[in-house]
Amino acid sequence: MTGSRRGFVWKIWLGLGGVALAEYVWIAADFLRPRARARASNGAIVVAGPVERFEPGSVTAFPAGKFYLVRLEDGGFIALYRECTHLGCTVPWLDDEGRFVCPCHASAYDIRGNVLNPPAPRALDLFPVRIENGIVKVDTRRAVKRQTFEAAQVTYA
Amino acid sequence: MSEKRERGKQTAEAEPAESGERQGVLSGVWHSIFRGPLVPRSDRDRKLIVVQNFLLHFRPVRLPERSLRYTHTWGLGGMSLVLVLLLVATGVLMMFVYQPSPEEAYGSILAMRDEVLFGKLVRNVHHWSANFLVIVALLHLLRVYFTGAFHTPRQFNWIIGVTLLLCILASNFTGYLLPWDQLSYWAITISTSMIGYVPLAGEWLQGVVRGGTDIGSATLITFYTLHTTVVPVTIVVLMAFHFWRVRKARGVIVPRGPDEEPEEYPERVLALPNLLLRELAVALALVAFVLVFSVVFNAPLGNEANPGMSPNPAKAPWYFMGIQELLLHFHPFFAVVLIPLLIAGALLAIPYLRYDSDASGVLLLSHRGRRMAAIAAVTAVVVTPVLIVLDEFWFDAGAWLPGMPSVVSNGLLPTVVLAAALAGFYVALKRRYAASNNEAIQASFVLLLTALAVLTATGVWLRGPGMALVWPWIS
């Protein structure tokens with residue numbers, strides 16, 4: 001570090017060039033950042049319908065909200081996000097087999113979204129369910145990640 | 001102006017007058033553009049043409065005669081350039097018709113196919129050129145590796161080449177989404193979901209690539225911009241860099257036999273006609289092949305993308321099928337992040353490893369090197385399918401080792417075992433043949449590459465609905 005004055009100035013110029021480059025990268029990263037608008041259009045609160053419409057032990061698809069409304073045998077509700085937790089394929093519900101099977105890599109889930117068959121690493125994501133005056137509402141703005149099914153995830157009328 | 005330059009100018013412009021033609025305004029303009037002679041009559045003219053033409057001056061004036069042999073380079077670098085030019089020519093045409101929004105994209109592709117003059121052919125040429133480019137660039141990498149053309153002074157050009165290969169893959173990948181059909185939508189869904197397994201930054205990175213949580217208009221515009229500006233510009237700049245480094249290394253490597261010493265002053269011949277006519281022949285043959293292929297085979301186009309229905313099976317593009325096959329056997333972090341990074345790292349490290357000898361120019365190093373490479377290839381062809389079948393029907397580390405997280409049982413454990421097996425292969429082969437480390441490293445390279453080829457072939461042809469193993473001829 002005993003360089004001449006010219007070497008020192010040269011390094012300053014190099015450093016300034018580096019700063020300019022870093023600024024450009026920073027701005028580019030912000031241009032690429034997902035915009036808030038894109039996130040908001042992703043979901044809203046979906047009014048699924050009155051509680052009685054859903055039989056216990058049934059799975060109802062809501063294609064527009066990208067979820068399945070599940071009424072468990074004990075009458076509780078959960079809403080399962082339809083994306084496979086492995087690589088994001090849409091998981092169909094197979095009524096006769098009583099499970100969700102991913103067409104992409106054969107992951108399977110039970111009616112609670114628990115993994116029956118890997119490669120899926122964790123249970124299907126949840127959307128929060130609220131029941132107001134006997135009407136089931138599902139908040140699809142944010143999917144809730146979970147490792148496995150727990151009783152606390154179920155909403156009762 | 002120096003006297004020397006003055007004289008050079010005189011000779012260049014005096015040429016047509018000597019040949020007895022009238023020196024009109026038009027020919028004056030012509031000679032202001034093309035300084036060299038139009039038709040070569042002597043070796044001096046042939047040199048002038050190469051030196052004074054902007055495009056041709058990228059080529060040397062003279063080059064070693066031995067490096068001209070077609071089976072030395074197979075013309076693969078030049079073929080890559082021709083395919084890139086075809087891709088630019090057809091891509092620009094398609095940009096006039098294509099509309100990068102989820103509502104319009106698929107319809108604009110249909111319109112291009114059905115209503116635009118030669119629209120279908122242009123799209124086919126673009127599609128097949130892109131796929132051929134992946135193959136040709138890969139073969140080019142193999143040619144360079146197996147002729148040992150990565151030692152000094154070509155070390156860094158290997159890095160540029162590998163970067164170009166990655167750019168080609170990026171270009172193919174970003175282009176895959178644009179038709180917005182079921183194939184592209186789900187292949188990109190799967191591939192971008194893989195990014196989510198990058199530790200710590202995965203979710204953020206996936207959001208950046210997709211422009212949101214789902215594949216939508218933000219994803220399409222991002223991919224379109226990358227595909228039509230960022231990636232092609234990078235490719236063209238890097239190509240120029242790549243060619244320049246070839247010139248600085250005094251051309252492609254001069255081939256020699258296993259028992260020959262490198263020649264200090266190999267016999268040289270003029271580039272025109274020896275090199276340039278060969279290049280022209282390869283280029284024309286390739287263009288003819290791509291055109292005929294594109295007339296006969298249409299680029300695939302599925303139904304319009306439907307986010308509610310994943311096709312079964314949903315597969316990644318073929319060049320990522322090796323990774324997709326790994327995904328069926330390893331924990332995603334290992335299949336998608338660690339193993340590809342290790343492979344890329346190994347590829348970039350190749351020119352900078354410490355080698356016992358500099359065998360550059362010798363195909364497959366030596367007689368022993370050839371035998372060891374063959375053994376490695378056969379080993380991979382036998383062992384990889386056996387491992388795939390065993391893992392499919394028998395291995396179940398997760399069930400055998402209950403209580404162990406899947407990252408360990410399905411990721412770390414098999415990776416360490418396989419790495420140890422590779423190290424064992426390296427040591428055993430090196431001892432058995434008393435080989436140099438060049439030969440043993442080459443054998444390991446062949447082993448890994450063949451394994452990747454087998455994985456890719458398995459993914460492409462032997463995976464059916466639900467990604468179960470199937471025979472392709474039984475539907």
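## A walk through chains A and B

Start by selecting chain A: its domain assignment, which is automatic or taken from a database, gives domain 1 (5-33) and domain 2 (41-153). Show the C-alpha atoms of both, and you will find their centres separated by 49 Å.

A word before moving on: this is a predicted model, where local features need pLDDT of at least 70, side-chain atom pairs count only at pLDDT 80 or more, and totals for chains, interfaces and linings use all residues. Residues are numbered from 1 along each chain as its sequence is written, while chains are lettered from A and ligands numbered from 1 in the order in which they are written. The model scores ipTM 0.82 and pTM 0.88.

Now colour chain B by pLDDT, the predictor's confidence in each residue, from 0 to 100. The chain averages 89, and 95% of the residues score at least 70. Residues 1-20 of chain B fall below 50, and this stretch has nine contacts in the model beyond near neighbours in sequence (a contact means C-beta atoms, placed from the backbone, within 7 Å).

Next, select G161(B), in helix α8 (residues 155-177) of chain B; helices here are DSSP runs of H or I, at least four residues, numbered from the N terminus. G161(B) touches L141(B), V144(B) and H242(B), leaving aside residues up to four places away in sequence.

Finish at helix α17 (residues 406-432) of chain B. Look for a kink of about 30° at L412(B), shortly before the proline P414(B); the bend is the angle between axes fitted to the seven residues ending there and the seven starting there. Just after α17(B), check A434(B), which takes a positive phi of about 45°.

Technical notes. Helices (H or I, at least four residues) and strands (E, at least two) are DSSP runs, numbered from the N terminus. The expected span of a helix is 1.5 Å times one less than its number of residues. Two residues are in contact if their C-beta atoms, placed from the backbone, lie within 7 Å.
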